[in-house]
Amino acid sequence: FLHIGILTTENVHVAADIISAVEFSVSGELLATGDKGGRVVIFQREPERKRRPYLRGEYNVYSTFQSHEPEFDFLKSLEIEERINKIRWLPHQNPAHFLLSTNDKTVKLWKISERDKRAEGYNLKEEDGRVREPFRITSLRVPVVLPMELTVEASLRRTFANAHTYHIHSISVNSDHETYLSADDLRINLWHVEITDRSFTIVDIKPANMEELTEVITAAEFHPQQCHTLAYSSSKGSIRLCDMRAAALCDNHAKFFGEPEDPGSRSFFSEIISSISDLKFSRSGRYMLTRDFLSVKVWDLHMEARPVETYQVHEYLRAKLCFLYENDCIFDKFECCWNGSDSAIMSGSYNNFFRLFDRNSQRDITLEASRDANKPRATLKPRRVSMGGKRQRDEVSVDSLDYSRKILHSAWHPTDNIIAVAASNSLYIFQDEVN
């Protein structure tokens, strides 16, 4: 069981406050969220205290800044939303932290640094910043460094723009720490973090005639150890593994992962629900985790024919696909994530439910992120969904699920059992129960 560590929410529900990205830093000491208003909020983990061990999972606001602003593409007469689609941290190599954030068209590199000192006693300018007249300078002063109240500054270091015709849905930092990829529906581009005016297209699936288009790229990620290996998923439920050593343009994949469809179970919704919404390499690099509408699957990089593990997230919704199609919920893109040891996986569902699967014991649990049901540091109770018939006291009827409340974005701490889930404009952080 997990219990709640911290909850942040706005008092008034505003569309711009809806969280659209959640990501722990490489060390797990920082947690970043992005929202539909283009803002990035960074939380810092509280230091552990012997007398209050339950504080080890608490995060408090560290910095908030506006990452993206709404723009207008005059050539195409299109508005470009400020919504943050993805956040990715770069490895921590000096006292400052660096992260990449992207909206539909532009990736930005931000530097987050602390300042606790300031310089005073300049010769060429006043203390308020005004330039001094040369004739007023009658003596030479030696500037001094004085302590000041700690402030956290976010400064824009790079802007990577004008490389995508379609909306960017994925960014991934390479294990060489110098390059990263950005992906849209038809192309994957390779960038160097120091070079903003050009990128290299490594995957291009755009056909000469767009009427021949049968699938699109839905997610892309670099391998955590092999800097030449990347994988991308498609709307047809397949994954392609590419090796950049083989060719500069990775249109020909090195491996193709796909599960043959059972003709007997094919329906109008088959192609929609088989589309992969998220793809994550395991931290060891041996496995891949994918999420489609109804399930999460674990793929072994050594076996392409079928997944080695399949976990049903909300199989009880299979009978309600027609209803979910009519209200567009069937197109929701749920994320998935690994724990630090690759022994457990997590993904979200409706009614603010999220599912945890233990790969070793094959046990699973459904928990709810709810402000009403979960008080701070209260133990979470497992939730169950009844398919019909007589419903037990602690069960929720499948007909009473709230489809407007959903966990699309989630993240797992890289080493500890601390998870963060975003529900609309609220962020919930849960941790292992401490006796």
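## A salt bridge at aspartate 300

Aspartate 300 and arginine 286 form a salt bridge whose closest N and O atoms are 2.8 Å apart, the term being used for a side-chain nitrogen of Lys or Arg within 4 Å of a carboxyl oxygen of Asp or Glu. This pair links distant parts of the chain, with aspartate 300 in strand β22 (residues 295-300) and arginine 286 in the loop between β20 (278-281) and β21 (287-291), 14 residues apart; helices (H or I, at least four residues) and strands (E, at least two) are DSSP runs, numbered from the N terminus. Aspartate 300 counts as buried at 9% relative accessibility, whereas arginine 286, at 34%, counts as partly exposed; buried means under 20% relative accessible area, exposed over 50%, and partly exposed in between, with a 1.4 Å probe and protein chains only.

The model is predicted, so that local features need pLDDT of at least 70 and side-chain atom pairs count only at pLDDT 80 or more, while totals for chains, interfaces and linings use all residues. Residues are numbered from 1 along each chain as its sequence is written, and side-chain values use heavy atoms, with hydrogens and water left out.

## Other charged pairs

The structure holds 25 salt bridges. One of them joins glutamate 23 to arginine 88, with the closest N and O atoms 3.1 Å apart, and this pair links distant parts of the chain, since glutamate 23 lies in strand β2 (residues 19-24) and arginine 88 in strand β8 (residues 86-89), 65 residues apart. Arginine 88 counts as buried, at 11% relative accessibility.

Glutamate 29 forms a salt bridge with arginine 45, the closest N and O atoms being 4.0 Å apart. Because glutamate 29 lies in the loop between β2 and β3 (30-35) and arginine 45 in strand β4 (residues 39-45), the pair ties together parts that are 16 residues apart in sequence. Glutamate 29 is partly exposed, with a relative accessible area of 36%, and arginine 45 counts as buried at 12% relative accessibility. Salt bridges also link Asp17, Asp35 and Arg39 in a network.

## Aspartate 416

The side chain of arginine 45 is also joined to that of aspartate 416 by a polar contact of 2.9 Å, a polar contact being a pair of N or O atoms within 3.5 Å, where within protein one must be able to donate a hydrogen and the other to accept it, and residues adjacent in sequence count only if both atoms are side-chain atoms. Aspartate 416 lies in the loop between β30 (407-412) and β31 (418-423) and is partly exposed, with a relative accessible area of 25%.

## Aromatic rings

The count of aromatic pairs comes to 19, where rings of Phe, Tyr and Trp (its six-membered ring) pair if their centres lie within 6.5 Å, and planes under 30 degrees apart count as stacked, over 60 as edge-to-face and the rest as tilted. Phenylalanine 24 and tyrosine 59 form an edge-to-face pair, 5.9 Å centre to centre with 65° between the planes. Phenylalanine 24 lies in strand β2 and tyrosine 59 in strand β5 (residues 59-66), so the pair ties together parts that are 35 residues apart in sequence. Phenylalanine 24 is buried, with a relative accessible area of 7%, as is tyrosine 59, with 0%.

Ring pairs also link Phe293, Phe323, Phe334, Tyr350 and Tyr403 into a cluster.
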